[in-house]
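Visitor: I would like to learn how to read a protein structure one feature at a time. Could you take me through this one slowly?

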Amino acid sequence: MSKQAKNNQKEKTQSEIIERLVAINRVSKTVKGGKNMSFSALVVVGDKNGRVGFGKGNATEVSDAKNKAFESAKKAMMKFSLKEGRTIHHDVFARFCSGKVYLRAAPAGTGVIAGGPMRAIFECAGIHDIVAKSVGTSNPYNMVGATFAALKALSSPKSIAEKRSKEISEIVKRRNLALNNTTESKPETKAE
């Protein structure tokens, strides 16, 4: 591949990336001569197709901190699979420091029910239907860390089938049988 073709391909991927600024903090460091002021930025980037990343940047100017954070986030992008291109495959719980996050798959038309930094992550990742709850902290750094830990813990039927050396249809069939058994047993308990 020629250099020009590589540059064109790189420009296309760069233009498709969505950037969201999650938080900016003014940081002060006390030194002998007074106080040094700087800014800290937390940024989320994604391609709306299951690739998403976050980054942090520190600088004396807000714009420089944002640029550093965007570059850091682009380098740290990760990929995960979406169910039907709109939601996650299964419910998941994760924690990062004091932040705890519950992510639940949702039926079509539910929308993104999540607060603050989690909403930015799901919009950048291309998740359209999800229910999320954060417990324990409202610190955006910990919430973003916990959400990314949860997204890393997700597994798709394809990856499970590869690990077990089975067909995808077998994995999906077992999952559907398990779901049907749980839905059939619930009405019986209500009737008693």
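Visitor: Leaving aside its neighbours within four places in sequence, which residues is serine 134 in contact with?

Guide: A word on the source first: this is a predicted model, in which local features need pLDDT of at least 70 and side-chain atom pairs count only at pLDDT 80 or more, while totals for chains, interfaces and linings use all residues. Residues are numbered from 1 along each chain as its sequence is written, and side-chain values use heavy atoms, with hydrogens and water left out. Contact means heavy atoms within 4.5 Å, and by that rule serine 134 touches Lys100, Met118 and Met143. The C-alpha atoms of serine 134 and alanine 114 are separated by 8.3 Å, although the two residues are 20 apart along the chain.

Visitor: In which element does serine 134 lie, and is it buried or partly exposed?

Guide: Helices (H or I, at least four residues) and strands (E, at least two) are DSSP runs, numbered from the N terminus, and serine 134 belongs to strand S8, residues 130-135. Buried means under 20% relative accessible area, exposed means over 50%, and partly exposed lies in between, using a 1.4 Å probe and protein chains only. With 21% relative accessibility, serine 134 counts as partly exposed.

Visitor: How many helices and strands does the chain have?

Guide: There are 6 helices and 8 strands, and from the N terminus on they follow the order α-β-β-β-α-β-β-β-β-α-β-α-α-α. Of the 192 residues of the chain, 33% count as buried. Among contacts between residues at least 6 apart in sequence, 54% join residues at least 24 apart.

Visitor: Which residue has a positive phi of about 60 degrees although it is not a glycine?

Guide: That residue is lysine 48, found in the loop between strand S2 (34-46) and strand S3 (51-59). Its relative accessible area is 45%, and lysine 48 is therefore partly exposed. Serine 165, again not a glycine, has a positive phi of about 55 degrees. Serine 165 sits in the loop between helix H5 (157-164) and H6, and at 68% relative accessibility serine 165 counts as exposed.

Visitor: Which residues make the nonpolar surface patch, and which gather in the patch of positive charge?

Guide: Patches are made of residues with over 30% relative accessible area and no salt bridge, where like charges are joined within 9 Å and nonpolar side chains (Val, Leu, Ile, Met, Phe, Trp, Tyr) within 5 Å. A salt bridge is a side-chain nitrogen of Lys or Arg within 4 Å of a carboxyl oxygen of Asp or Glu. Phe93, Tyr102 and Val135 make a nonpolar surface patch of about 260 Å²; of these, valine 135 lies in strand S8 and is partly exposed at 34%. Lys163, Arg164, Lys166 and Arg174 gather in the patch of positive charge on the surface. Arginine 174 lies in helix H6, residues 168-191, and is partly exposed, with a relative accessible area of 48%.

How values were computed. Accessible areas come from the Shrake-Rupley method with a 1.4 Å probe; for residues, only the protein chains shown count as cover. Lys and Arg count as positive and Asp and Glu as negative; His and the chain ends are not counted. The place of a charge is taken as NZ of Lys, CZ of Arg, CG of Asp or CD of Glu.
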